[in-house]
Amino acid sequence: MSGAAPPDPPPVLLPGLAHVELRDPLFISDLHLNVGAPETLKRFLRFCAEDAVAHAELVILGDLFEYWIGDDTLDDEGDAVSRGVASALRGLVAHGVRVYVMHGNRDLLLGAGFLRATGAQLLADPAVADIGGRELLLAHGDAWCTQDVEYMRFRASVRQEATQRQFLAGSRATRLAFMGAARLQSEAGKRAKAMEIMDVTPSVVDEALRASGLRLLIHGHTHRPALHRFALDGAPAERWVLPDWDFDAQPPRGGAIVVKAGRLTRVRLDS
Ligand code: MN
């Protein structure tokens, strides 16, 4: 064993960047990439090659993958989706694009191996971005869906070091079976679905903005793309919500947020 690298810590212990400077970012989230959505995967690979490559930064605000059982899916015997996506991100990084990734609720096991394989940097949730002197808050969004008490309990559990260590210690087959069972069981499927149709609690978002001192934020998770303008303590505030992607559905859908002339702007992708 001498000379072997120590095992990676569970992802919950990885330090994510809490502050990041961005020049020309492309924000996306909730692609839910998986082997059952080949068109969405193809669209993402094309998006990397044609769109992301023209930006200074690609910022992924969670749920890039539908599920992530551990970084060993990037090994030689790993799966095609994990390896294809990692290869595309590594290509962007090699091209000079900075890639930032935040954990979502579905891929919170993305770990040090994924970061090494891609050259991506992990963002804390929430994180503050500075774009040309203008600061905004970035988050996945699930932490603010506090009305779903059962999910909040589940969330707290899967973000514990012991829970992650125990799960990751299982064989790949065991982990896949666990994840597959959770996704296939109709009961669990409905719960997973309910988790994402639950919207953020406005007062909780207000508190997060107050705590950061910011009045502008981008998040994903809810699959309810929108720009919400509201007043917070007498000051105008904006909450931008990213769309999810599904190019295996009819009509296909997806999108991003970019900065044009200093202003956030939505980009719709429908083909
Ligand atoms: Mn999510």
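Which residue of β9 does L216 stand opposite? L216 stands opposite E238. This is a predicted model, where local features need pLDDT of at least 70, side-chain atom pairs count only at pLDDT 80 or more, and totals for chains, interfaces and linings use all residues. Residues are numbered from 1 along each chain as its sequence is written, and side-chain values use heavy atoms, with hydrogens and water left out.

**Terms**

- Helices (H or I, at least four residues) and strands (E, at least two) are DSSP runs, numbered from the N terminus.
- Two strands pair if DSSP finds at least two bridges between them.
- Buried means under 20% relative accessible area, exposed over 50%, and partly exposed in between (1.4 Å probe, protein chains only).

- Strand β9 spans residues 235-241.
- Five of its seven residues are buried, so β9 is largely enclosed by the rest of the structure.
- Strand β7 (residues 216-219) runs parallel to β9, and four bridges join the two.
- Strand β8 (residues 226-232) runs antiparallel to β9, with seven bridges between them.
- On that side, H228 has R239 of β9 as its bridge partner.
- β8 and β9 form a hairpin, with two residues between the strands.
- D233 sits in the turn of this hairpin and has a positive phi of about 50 degrees.

- Most residues other than glycine have a negative phi.
- D30 has a positive phi, near 55 degrees.
- D30 belongs to the loop between β2 (25-28) and α1 (38-50).
- Is D30 buried or exposed? D30 counts as buried, because its relative accessibility is 0%.
- D63 also has a positive phi, near 55 degrees.
- D63 lies in the loop between β3 (57-60) and α2 (80-94).
- D63 is buried too, at a relative accessible area of 0%.

- Most peptide bonds are trans.
- The bond from D125 to P126 is cis, with omega near 5 degrees.
- P126 falls within a strand, β5 (residues 121-131).
- The bond from Q250 to P251 is cis as well, with omega near -5 degrees.
- Where is P251 placed? P251 is in the loop between β9 and β10 (254-260).
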